[in-house]
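Colleague: I'd like to learn how to read a few features off a model. Could you walk me through it?

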Amino acid sequence: ACPLQPTCGHGSGSAGPLSIMWAGPDQWLAFAERTGDRDLERELKAQLGSMVAIVDQTDARVFVRVSGPRARDVLAKGVPIDLHASVFKTDDVAITSASHIGVIIRQVDEEPTYDIAMFRSFADSFMRWLVEATAEFTHGV
């Protein structure tokens with residue numbers, strides 16, 4: 001049973017430089033580092049054919065990566081789900097909020113590292129919150 005119901009997803013995965021994460025019922029976000037003239041939409045259409053509808057969200061979303069031994073403590077200040085290692089694990093995904101900003105959060109590894117996706121228009125507010133949330137752990141750095 002998923003401890004994050006009803007927002008718990010079906011997880012995520014990676015294949016080389018391409019990652020996929022659950023983004024809601026029957027929806028997945030595919031993302032990869034921007035390199036040269038890579039066309040991820042064309043790549044996915046070639047692999048998946050007409051089984052799916054693919055929509056380019058490049059200009060709509062931004063991803064922020066948060067990692068390190070205090071990542072859970074920082075995120076706990078604004079994310080209302082249980083990120084404890086026994087509950088939220090590598091490749092788990094949840095649709096939730098971070099300081100009242102709608103996000104999709106994925107745990108990448110056990111360090112822990114998190115990828116957090118949000119609409120681009122909220123990126124500045126999210127980063128301001130994140131800087132504030134890290135203040136107690138970065139004092140004097």
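Modeller: We'll go through salt bridges, then a surface patch, then a strand residue.

Modeller: This is a predicted model, where local features need pLDDT of at least 70 and side-chain atom pairs count only at pLDDT 80 or more, while totals for chains, interfaces and linings use all residues. Residues are numbered from 1 along each chain as its sequence is written, and side-chain values use heavy atoms, leaving out hydrogens and water.

Colleague: How many salt bridges does the structure hold?

Modeller: The general idea is that side chains of opposite charge can pair when their charged atoms come close. Here a salt bridge means a side-chain nitrogen of Lys or Arg within 4 Å of a carboxyl oxygen of Asp or Glu. The structure has 8 of them.

Colleague: Which residue does Arg 38 pair with?

Modeller: Glu 43, at 2.8 Å from N to O. Arg 38 is partly exposed because its relative accessible area is 29%, between the limits for buried (under 20%) and exposed (over 50%), using a 1.4 Å probe and protein chains only. Glu 43 is partly exposed too, at 27%. Another pair is Arg 42 with Asp 39, at 3.1 Å; Arg 42 is exposed at 59%, and Asp 39 is partly exposed at 30%.

Colleague: Where in the chain do Lys 77 and Glu 136 sit?

Modeller: These two form a salt bridge, with their closest N and O atoms 2.6 Å apart. The pair links distant parts of the chain, 59 residues apart: Lys 77 is in the loop between α2 (71–75) and β5, and Glu 136 is in helix α3 (residues 123–138). Helices (H or I, at least four residues) and strands (E, at least two) are DSSP runs numbered from the N terminus. Lys 77 is partly exposed at 40%, whereas Glu 136 is exposed at 54%.

Colleague: Which residues are linked in a network of salt bridges?

Modeller: Arg 65, Arg 106 and Asp 115.

Colleague: Which residues form the nonpolar patch on the surface?

Modeller: Leu 48, Met 51 and Val 52, with about 280 Å² of accessible area together. Leu 48 belongs to helix α1 (residues 40–48) and is partly exposed at 32%.

Colleague: Is Thr 96 buried or exposed?

Modeller: Buried, because its relative accessibility is 15%. Thr 96 lies in strand β5 (residues 93–98). Beyond its neighbours within four places in sequence, Thr 96 has contacts (heavy atoms within 4.5 Å) with residues including Val 79, Pro 80, Ile 81 and Ile 105.

Key. Patch = residues over 30% accessible without salt bridge, like charges linked within 9 Å, V, L, I, M, F, W, Y side chains within 5 Å. Areas by Shrake-Rupley, 256 points an atom, 1.4 Å probe, with all protein chains shown as cover.
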